[in-house]
Amino acid sequence: MTDTGLELGPRALDSSVGEFVKEKGDYYSAEFSKIQGATGFAWSWNPMAAVFGPLWGAYRGLWGFFWTFLVLELFALVQLGRGLWADLGASSLARVEKLTANIEARRQKAAEALAAGDEATAASSTKVADNLEKAVAKAQVAADAAAADAFAILLVGIALFILVKVVEGFYANVAYEKQYLRWRTDENTPSGLNTTSAGLGALLLLGIWPLTLYRFTVSKPLDIITEFPVKKEFFTPTANWMEGGFDWLANQFGGVFKGVTTSIKWVLDGLEVILVDTPWPVVMLVIFVMAWRLAGPRVAVFSAAALAYLAFFGLWEVSMVTVALLGAAAFLCLIFGIPLGIWFGKSQRAYNAALPILDFMQTMPAFVYLIPIIAFFGTGKPPGVLATIIFAMPPVIRLTALGMRQVPAGTKEAAVAFGCTKWQLLRDVEIPLAMPSIMTGINQTILMCLSMVVIASLIGAGGLGANILEALQYAAKGQGMLAGLAILFCAMVIDRIIQGSYRRSENK
């Protein structure tokens with residue numbers, strides 16, 4: 001079954017559709033023919049879908065249709081329920097009652113003070129009561145306006161519900177025809193009538209609709225509906241247990257953590273000697289010449305303009321510190337990330353095992369990385385680099401693995417047939433063909449390292465991130481923008497040189 005419905009004759013189409021739908025084959029055969037023959041929108045109406053909506057989708061195995069229209073119908077029904085039953089002005093009326101009681105108390109206090117001859121207290125209480133009466137009037141107006149809106153909300157709900165039903169009727173056969181075409185190429189696609197799916201759809205509908213309608217139409221729903229019954233009973237003991245675990249690890253493996261910090265510090269110190277301690281004209285000239293030789297004159301001119309920006313605004317030294325941080329983090333990401341990506345690209349089992357870790361590294365909020373980093377490695381530049389590595393390494397691993405998997409199997413088989421060893425295959429065939437994807441991963445890793453510069457300054461990494469952090473603390477908008485542009489230019493220079501070098505080597 002590899003052909004489409006347009007390639008079948010009328011009788012063959014009728015037979016195929018009948019086998020797919022099980023019931024009402026003639027109706028669906030005619031509607032599918034109409035849809036397949038239409039050049040624009042096909043005016044095909046399904047009354048059963050319009051009446052039963054999501055349940056029809058579940059009965060026919062169209063779960064995308066089911067979820068889409070379950071949500072849309074629920075939204076319309078919520079508006080209907082709010083217009084019919086919800087007490088929209090309840091909060092304002094409750095405020096009116098509370099303020100009225102307060103006014104009476106203030107008036108009573110004023111009368112008692114006046115009877116006691118305390119005119120100052122009486123005048124003060126009377127003034128507060130007068131102000132509260134103004135607030136009551138405003139709250140009453142808000143309550144009346146909310147009550148008046150109920151009819152408008154009801155009309156909107158009716159209109160939305162009718163519109164959803166019309167869309168269901170017109171879209172149902174279009175969606176079902178698409179499923180029919182998928183079934184023609186894959187017989188595992190749901191077909192016919194499935195009472196189990198319909199029952200599951202009904203249970204889902206009964207579980208979702210009543211609770212949601214109750215929540216939005218009752219002025220004071222039960223707490224168990226609006227709040228999870230468990231508060232923080234498990235939070236504090238779990239947090240204490242985790243804190244004890246961090247302390248135990250820090251004590252037991254302090255030597256390992258110190259060795260990692262020392263290794264990163266060596267890399268950072270070497271880069272800072274080259275970029276910070278070396279005279280600035282030498283550094284600027286070397287970067288300009290390197291950009292010219294590796295990436296061409298346009299990148300060299302851009303690099304020179306970026307470096308001039310750093311120098312003229314007094315950001316040279318702090319920018320070189322940032323480049324050292326960025327360079328150390330990116331260098332370590334590539335040193336470990338590219339080999340891991342090659343391994344994962346060649347071993348699906350290894351990639352599947354590492355995938356949860358990569359997801360954790362890439363999706364965990366950046367500030368959260370700082371907590372274990374501080375616990376194990378302290379503060380300063382090396383811990384900042386470590387936090388950046390954790391955040392920025394996944395892209396180069398993922399894209400390197402993707403590039404390795406995209407190397408054509410025929411090309412690899414041909415290379416092996418000509419006598420390539422595994423090392424030659426990797427060096428001369430797989431890595432060159434995967435290089436576009438690897439370079440994209442390098443680009444993304446550099447940008448991710450850039451995004452962590454400011455966050456790493458929170459634990460004492462310094463550099464331009466500290467300038468931006470100070471600007472945020474004191475709302476120094478100009479200082480923050482100048483430092484932000486400096487970070488941008490530093491990253492762009494590094495990326496342009498690397499990417500330009502690759503493009504020039506490809507064009508040779």
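Which residues does Q179 touch, not counting residues up to four places away in sequence?

Analyst: Q179 touches F20, R60, G61, L62, T189 and P190, leaving aside residues up to four places away in sequence; contact means heavy atoms within 4.5 Å. This is a predicted model, in which local features need pLDDT of at least 70 and side-chain atom pairs count only at pLDDT 80 or more, while totals for chains, interfaces and linings use all residues. Residues are numbered from 1 along each chain as its sequence is written, and side-chain values use heavy atoms, without hydrogens and water.

Q179 sits in helix α7, residues 119–185 (helices are DSSP runs of H or I, at least four residues, numbered from the N terminus). With a relative accessible area of 3%, Q179 is buried (under 20% relative accessible area; exposed is over 50% and partly exposed in between, with a 1.4 Å probe and protein chains only).

L62, one of the contacts of Q179, also belongs to a nonpolar core (buried Ala, Val, Leu, Ile, Met, Phe, Trp, Tyr and Cys residues joined through side-chain atoms within 4.5 Å). The largest such core has 78 residues, of which L310, M320 and V385 touch the most other members. Helix α14 gives the most to this core, with 14 residues. The core that includes L62 is a second, separate one of 16 residues, with V164, A172 and Y176 also among its members.

V385 has contacts with I264, L268, L325, A328, A329 and L332, again not counting residues up to four places away in sequence. V385, L325 and A329 are also among the residues that line the largest cavity, which include G384, T388 and C449 as well. A cavity here is a set of points on a 1 Å grid over the protein atoms alone where a 1.4 Å probe fits but cannot get out, and lining residues have an atom within 4 Å of a point. Helices α14 (316–346), α17 (381–405) and α19 (422–456) each give two or more residues to the lining.

Helix α14 also carries V323, which is buried at 16% relative accessibility. V323 touches L275, A328, C490 and I494, not counting residues up to four places away in sequence.

Key: 1 Å grid on protein atoms, 1.4 Å probe; cavity = no way out; pocket = protein on both sides within 12 Å on 5 of 7 lines; lining within 4 Å.
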